[in-house]
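Trainee: Hi! Could you walk me through this one? I'm still new to reading structures.

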Amino acid sequence: MTDTASGGSHKAPGDRGRTTIADGVVEKIAGLAAREVVGVHALGSGLSRTFGAVRDRVPGGEKAAVTRGVKAEVGEVQTALDLEIVVDYGVSIRDVARAVRENVVSSVERMTGLEVVEVNIAVGDVKLPDEPDEEPESRLQ
C-alpha cells in the first residue's frame with residue numbers, strides 16, 4: 001500500500017497512460033474548420049485539387065479530399081499547421097485568412113487539447129465568378 005503522506009502518489013484514472021493524436025486527425029479537423037469560413041472556395045493548389053479529384057473517384061479515396069491542402073506537425077502538446085487555400089474573388093484575403101486561423105485554432109484546440117502554435121496560410125488561387133469548378137463531371141462506375 002502506498003502512503004501518500006510520505007511522497008507516494010496516486011494518479012487519477014484519467015491521467016494513467018498517454019494519448020497520441022496522429023497528424024491526419026489534426027489535418028482533418030483543420031481542413032473542415034477552414035472550409036467552414038465564408039470566402040474559402042477550396043483547399044489545395046490547382047494541381048493538388050486536380051490530382052485529388054481523380055483520387056476522389058477511386059473507391060476509398062474520399063478521405064483525401066478532407067485533408068487536401070493541409071499539413072500538420074503534431075508534437076506531444078503542440079501542433080503547427082500549413083494550409084493552402086483558394087479564395088472567392090471579391091473577398092478580403094486578409095479577413096478570410098484571419099477567420100480561417102481563428103476557426104482552425106479554436107476547433108483544433110477544443111477537440112484535441114493541443115496548443116496550436118501557428119497556422120500558416122498560402123493563398124494559391126482566386127476563384128473567379130465565371131470560372132468552372134475543377135470537379136470531375138462524372139464518377140467512375
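Mentor: Happy to! Let's start with a definition: buried means under 20% relative accessible area, exposed means over 50%, and partly exposed is in between, using a 1.4 Å probe and protein chains only. Also, this is a predicted model, where local features need pLDDT of at least 70, side-chain atom pairs count only at pLDDT 80 or more, and totals for chains, interfaces and linings use all residues. Residues are numbered from 1 along each chain as its sequence is written, and side-chain values use heavy atoms, with hydrogens and water left out.

Trainee: Okay, is T79 buried or exposed?

Mentor: T79 counts as buried, because its relative accessibility is 1%.

Trainee: And where is T79 in the fold?

Mentor: T79 sits in strand β3, which covers residues 78-88. Helices (H or I, at least four residues) and strands (E, at least two) are DSSP runs, numbered from the N terminus.

Trainee: Which residues does T79 touch?

Mentor: Contact means heavy atoms within 4.5 Å. Not counting residues up to four places away in sequence, T79 touches V26, A72, E73, V74, V108, L114, E115, V116, V117 and E118. For E73 there is a further detail: its backbone oxygen lies 3.0 Å from a polar atom of the T79 side chain.

Trainee: Let's zoom out. How many helices and strands does the chain have?

Mentor: The chain has 4 helices and 4 strands. Along the sequence they follow the pattern α-β-α-α-β-β-α-β.

Trainee: What share of the residues is buried?

Mentor: Of the chain's 141 residues, 30% count as buried. The chain exposes about 9,300 Å², and carbon and sulfur atoms supply 51% of that. Those areas come from the Shrake-Rupley method with a 1.4 Å probe; for residues, only the protein chains shown count as cover.

Trainee: Can you show me an example? Where is R35?

Mentor: R35 is in helix α1, residues 23-35. R35 and I85 are 50 residues apart in sequence, and their C-alpha atoms are 9.1 Å apart in space.

Trainee: What does R35 touch?

Mentor: Leaving out residues up to four places away in sequence, R35 touches L43, A65, V66 and R68. The backbone oxygen of V66 lies 3.0 Å from a polar atom of the R35 side chain. R35 counts as partly exposed because its relative accessibility is 32%.

Trainee: Next up, T67. Which helix is it in?

Mentor: T67 is in helix α3, residues 62-67. Apart from neighbours within four places in sequence, T67 is in contact with G24, E27 and K28. The C-alpha atoms of T67 and G31 are separated by 5.5 Å, with the two residues 36 apart along the chain.

Trainee: And helix α4, what can you tell me about S107 there?

Mentor: S107 belongs to helix α4, residues 93-112. At 9% relative accessibility, S107 counts as buried. Beyond residues up to four places away in sequence, S107 touches I29 and A33.

Trainee: How about N103, what does its side chain do?

Mentor: N103 is also found in helix α4. The N103 side chain makes a polar contact with the side chain of E36, at 2.9 Å. A polar contact is a pair of N or O atoms within 3.5 Å; within protein, one must be able to donate a hydrogen and the other to accept it, and residues adjacent in sequence count only if both atoms are side-chain atoms. Setting aside neighbours within four places in sequence, N103 is in contact with A33, E36 and V37.

Trainee: Is N103 buried or partly exposed?

Mentor: N103 is partly exposed, with a relative accessible area of 23%.

Trainee: Great, thanks for the tour!
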